[in-house]
Amino acid sequence: PITITVVGANDLASLGGDTFGSVNEDGSTPDNEGGNLTTSGTIVVYDEDAGEAALAGAASVSGLYGTLDIALDGSWTYTLNNELAEVQALRAGETVIDVLGFPTIDGTNVFISVEVQGTNDSADISGSMSDVIYLADDDTTANGLVVVNDVDNGEAGVTAGLFSGTYGDLTLNEDGTWSYQFTAFDQAGGENPQSFGENFELQSI
């Protein structure tokens, strides 16, 4: 007799269903119209090998920006770690992708990807924001320093420029230093010298 033995080979599993989700820093979109800290879905495992079209088991997978909890039936929920510094550092419109892998019964690693969308965090502005010019002492300049603290990437700074006021000009530099030059000498003299001031509205990056 002739005997033929057929030895099977493993076919890699593939994934279908909801393999992508999206969450938002602080649970809000850049335009503050909704948003979420969690996203959910259900995946389906495909495998031509008998009895292997399933996950290896329920799992909780830690990613770079959050945690994926997946049940044996393929239903999953991703929860963003909103307190993470890397999450809070995202600017409005900036996105990163968290890719989370887990095994099927035959050991194939399959993946769910979650997009994390950043939102704007308000800047905290401090420093020496005022100064006094004493014209009687031939003083015509004022100086100071604006300090901007902002957790968003690349936004801890000011928009430099030259700003013209009613009585003088303000120069603001990228490092936050500023100087004001008084120019309205025609309004400062006379028998009854006046005291006056002006404000400039500055903008962080």
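**Close-up views of a predicted chain**

**View 1. The whole chain, end to end.** The chain carries one helix and 13 strands; here helices are DSSP runs of H or I with at least four residues, strands are runs of E with at least two, and both are numbered from the N terminus. Going along the sequence, the pattern reads β-β-β-β-β-β-α-β-β-β-β-β-β-β. With a radius of gyration of 31 Å, well over the 17 Å that the globule rule gives for 205 residues, the chain is more spread out than a compact globule. (That radius is taken over C-alpha atoms, and the rule is 2.2 Å times the number of residues to the power 0.38.) The C-alpha trace spans about 125 × 30 × 20 Å along its principal axes.

A word on the model: it is predicted, so local features need pLDDT of at least 70 and side-chain atom pairs count only at pLDDT 80 or more, while totals for chains, interfaces and linings use all residues. Residues are numbered from 1 along each chain as its sequence is written, and side-chain values use heavy atoms, with hydrogens and water left out.

**View 2. Surface and interior.** Of the 205 residues, 31% count as buried, meaning under 20% relative accessible area with a 1.4 Å probe and protein chains only. The accessible surface, from the Shrake-Rupley method with a 1.4 Å probe, comes to about 12,200 Å², and 49% of it belongs to carbon and sulfur atoms.

**View 3. A five-stranded open sheet.** The strand order is β9-β10-β13-β12-β11, and the pairing is antiparallel; two strands pair if DSSP finds at least two bridges between them. At the edges stand β9 (124-128) and β11 (161-164), each with a single partner strand, so one side of each has no neighbour in the sheet. From one strand to the next, the twist averages 25°, using lines fitted to C-alpha atoms and angles from 0 to 180 degrees between N-to-C directions.

**View 4. Where β12 meets β13.** Strand β12 (residues 168-172) and strand β13 (residues 177-182) run antiparallel and are joined by five bridges. Look for G168, which sits opposite F182 in β13.

**View 5. A cluster of rings.** Y167, F182, F185 and F196 are linked into a cluster by ring pairs, which are Phe, Tyr or Trp (six-membered ring) rings with centres within 6.5 Å; planes under 30 degrees apart count as stacked, over 60 as edge-to-face and the rest as tilted. The whole structure holds four aromatic pairs. One of them, F182 with F185, is edge-to-face, at 5.3 Å centre to centre and 85° between the planes. F182 is buried, at a relative accessible area of 4%.

Terms used: Buried means under 20% relative accessible area, exposed over 50%, partly exposed in between (1.4 Å probe, protein chains only).
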